[in-house]
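Please consult the sequence and structure shown below while reading.

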Amino acid sequence: MNLDYTAEDEIFRAEAREWLDANIPREVRPPDGPGMREFDLGWQRKQFEGGWAGVSWPVEYGGRGLSLTHQLIWYEEYAKAGGPNAELLFVGCNHAAPTIMARGTDEQKSYHLPKILSGEVAWCQGFSEPNNGSDLGGLKCRAEIVGDELVVNGSKIWTSSAHLADWQELLVRTDPAAPKHKGISWVICDMQTPGIELRPILIMTAPGHHHFNQVFYTDVRIPLSNVVGEVNDGWNVAMSTLGFERGTAGMLENIRYGAVVERLVDMARQRLGASALENDDIGQRLAQLRAEVTAVRAMTYRIASRAAIAPPGSEVSLARAFFSQLQQRIRRIALDIIGPDSIELPEDDPWIRPYLRTYSNTIAAGTSEIQRNIIGERVLGLPR
Amino acid sequence: MNLLPTEEQQQIVDMVRGFLAASAPLERLRPDKFGQIGNPDAALWPKMAELGILGLGVPEEGGGLGLSAVEEALTYIEFGRALVSVGVLGATLGAHLAARTMPDIAAAIMAGTSAVGLATPRGTVAGDDGIFSGEFHLIEANEADFIVLLTSDAIALFRRDEFMGQSERLSMDSHMRLMRAALESGKPLSWSSVKDGIDHARANLLIAAYATGVAEAALAGAVDYAKVREQFGKPIGSFQAIKHKCADMAIAAEVASCQVSFASVILSKNSDESRFHALASRIVAVDAALKNGATGIQVHGAIGFTAEVEAHLFVKRAHLIDFIGGDQRVQKGQFIGADAVI
Ligand SMILES: Cc1cc2nc3c(=O)[nH]c(=O)nc-3n(C[C@H](O)[C@H](O)[C@H](O)COP(=O)(O)OP(=O)(O)OC[C@H]3O[C@@H](n4cnc5c(N)ncnc54)[C@H](O)[C@@H]3O)c2cc1C
């Protein structure tokens, strides 16, 4: 075991720090709407032009082809510099691109990967349906093969940023007669295709906050050449992306939360006094959170160490399940430190909206219960 | 950067695990094997000494194997899994404290011929400039020549006879021998404060590593049982109420083990961050041991409430180690006062 970085790593770190210092956006990120899209894509373009967009992406797809350790160093510096949480880019960079790299055709790769990396386009994820959330494998959105096209009819829901996205990774049922996991295809869908309609869905964080959508498909025609992997093999294609999402893609967030806890410690020391804190209930809870978030960094390092040997497996659910609940506890304590004023929702609020947002952490991308099923069955070998 | 054991480190783990499987299986603690009071582990010390385990991390010039905090922590996870008497902690910490200035004492400890008990405060400790007064518990001290005292801000090696009024108590963890005793201006043979070097941080790290082993063993026992015990015609591990409890135990053990690894590397560098990371590892690992110990009993049902399976041993050992040098409340108070390490 070691936490040593080579001289070359340290040069990389210094370069990253210097570039971030000079280039990190100073303006506040709009929480929603076209302004947010412009902000996130603009920031991605800037990172791309600086050579920082795809640190661990293969060189042939426009990345730097560096190791996961470099990626980790980049994330650490990014978090230290207070880099923005450019969520709109997440699906493209962390789902769609790795999936296309792993299973896409040469045409799909050469068309889509450069556009994703350089911040030209935004992607969204059309997996969940009104009647299939946790039971994703039972999804019903139908795609009939007609000539060299798929004709899609049905609906997706909870599609984050569908209203801001150019492309969608879409799971459809191409063979209703096959066993449920064997009749699904993973498709690249152009969001401008006729027959797609959106219904905005407001979320609980603040009045009028439009985060996700229900998406309706009526005779939406998608070229068959947009299927990634084999037709009817979409479940396997999708699982490779989910493994990625639950593993390495979460690293930046994990690292960023250390700074959130330190801001809370500072706030608590100011409001309650440093010496009172040691015996106070808030101090005790904060100490626990500080220890846990420190351990999350260690977990992230262990995942990165394992990933250098083999692709992440079910064991990444240990870190994910832990971290999603830890985020909730961390954000929750802010209210106890702030006290009565925490029932106010100021315009420039750094704590209340993020607190409310954490309610989704144990739901999105596989609920805590589903994560525990995975841990129980696939990590511990308990019977189904 | 690599947070997985190297091949050599894995060999040490396998060696210690193999030794403990043969010489200290958990069954040794069953009432029909040894009894419910006291423990058979004194016999282990000379054998462990032969393998070099007692002086594993002591520098070679001090008579040890000269390995780092990383190897020490890895072996302590194994000690926790096997519920080795916490007297081992006395030996390791005592050998470190003695090695610099008292080579004969260090040699006797590392050879397993002088046992070292532990002292932990029962209340406030007055400790100015290396003179200590207060009321203590002594753990595994009955046959010990020396005692390592751990407080929240100091670690000190004493001759056992510095402690006055030694009187036996039955311990909640009845395999561990317990006494009460006092120091009145007791003068240690050697000591160091939390501010000098990493002696104090090492104690917290090794307690964390041991607790991680306890948490892992409690998890393993619960999972094994959940796979074989059937009710309503299926293994109880197929019920989510049980499966999710096991998953939570696995999460707690993983959190602990990752932070212990991370902290052990930090200590092996003698880094200024040692205290911070050792405290963090102690807080998450003792938490894991306490939780997993308790949950393990529930997963077993009534058999878990008996002395006939191991389930009850883990939570008791977790409570005992929680108090060594100050319980979670004390450690968290220390930790929230510490400077940030980012
Ligand atoms: C903020 C946010 C953003 C999202 N973005 C997207 C997106 O962009 N694209 C997309 O496709 N989806 C998205 N989702 C949807 C998300 O993937 C689903 O919400 C999730 O998979 C759970 O499905 P569900 O909401 O239908 O809940 P359900 O599956 O109905 O679950 C309801 C409750 O039952 C429990 N439950 C269900 N099955 C089991 C079981 N087998 N064992 C134990 N408990 C069970 C769940 O844990 C949960 O507590 C998003 C969700 C959120 C909250």
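A salt bridge is a side-chain nitrogen of Lys or Arg within 4 Å of a carboxyl oxygen of Asp or Glu. By that criterion, B:Glu254 and A:Arg306 form a salt bridge, their closest N and O atoms being 3.6 Å apart. The model described here is predicted. The points that follow are grouped by topic.

**Contact between the chains**

- The size of an interface is often given as the accessible area lost when the parts come together.
- Between chain A and chain B, about 4,500 Å² is buried, and carbon and sulfur atoms give 66% of that area.
- In chain A, 48 residues are in contact with 52 residues of chain B.

**Salt bridges**

- Over all chains, a search of the whole structure finds 37 salt bridges.
- Five salt bridges are counted between chain A and chain B, and one joins B:Glu254 to A:Arg306.
- Within chain A, the side chains of A:Arg13 and A:Glu10 meet in a salt bridge, with 3.8 Å from N to O.
- A:Arg13 and A:Glu10 are separated by about one helical turn, because they lie three residues apart in helix α1 (residues 7-23) of chain A.

**Helix packing in chain A**

- Two packed helices are described by the angle between their axes and the distance between the axes.
- Helix α3 (residues 68-80) and helix α9 (residues 281-307) of chain A have axes that come within 9 Å and cross at roughly 155°. Angles over 145 degrees count as roughly antiparallel, so α3(A) is roughly antiparallel to α9(A).
- From α3(A), the residues A:Leu68, A:Leu72 and A:Glu76 meet A:Arg297, A:Thr300, A:Tyr301, A:Ala304 and A:Ala307 of α9(A). This contact of α3(A) with α9(A) comprises five nonpolar, one polar and two charged residues.
- Helix α7 (residues 251-272) of chain A also packs with α9(A), at an angle of about 160° and with the axes 9 Å apart. α7(A) is therefore roughly antiparallel to α9(A).
- The crossing of α7(A) and α9(A) is left-handed.
- Residues of α7(A) that take part in this contact include A:Met251, A:Tyr257, A:Val261 and A:Leu272, and those of α9(A) include A:Ile282, A:Leu289, A:Val293 and A:Ile303. By class, the contact of α7(A) with α9(A) has 14 nonpolar, three polar and three charged residues.
- A:Thr300 and A:Ala304 of α9(A) take part in the contact with α3(A) and also in the contact with α7(A).

**Helix packing in chain B**

- The axes of helix α4 (residues 87-99) and helix α6 (residues 199-228) of chain B come within 11 Å and cross at roughly 160°. α4(B) and α6(B) are therefore roughly antiparallel to each other.
- In passing α6(B), α4(B) makes a right-handed crossing.
- B:Leu89, B:Thr92, B:Leu93, B:His96 and B:Leu97 of α4(B) meet B:Asp199, B:Arg202, B:Ala203, B:Leu206 and B:Ile207 of α6(B). Six nonpolar, two polar and two charged residues make up this contact of α4(B) with α6(B).

Conventions. Residues are numbered from 1 along each chain as its sequence is written. Chains are lettered from A and ligands numbered from 1 in the order in which they are written. This is a predicted model: local features need pLDDT of at least 70, side-chain atom pairs count only at pLDDT 80 or more; totals for chains, interfaces and linings use all residues. Side-chain values use heavy atoms; hydrogens and water are left out. Axes are lines fitted to C-alpha atoms, for helices over the stretch in contact, and angles run from 0 to 180 degrees between N-to-C directions. Helices (H or I, at least four residues) and strands (E, at least two) are DSSP runs, numbered from the N terminus. Angles under 35 degrees count as roughly parallel, over 145 as roughly antiparallel, 65 to 115 as roughly perpendicular and the rest as oblique. A crossing is left-handed if the near helix is turned anticlockwise from the far one by less than a right angle, and right-handed if clockwise. Contact means heavy atoms within 4.5 Å. Ala, Val, Leu, Ile, Met, Phe, Trp, Tyr, Cys and Pro count as nonpolar, Asp, Glu, Lys and Arg as charged, and the others, Gly among them, as polar. Buried area is the accessible area (1.4 Å probe) that two parts lose on being put together, summed over both.
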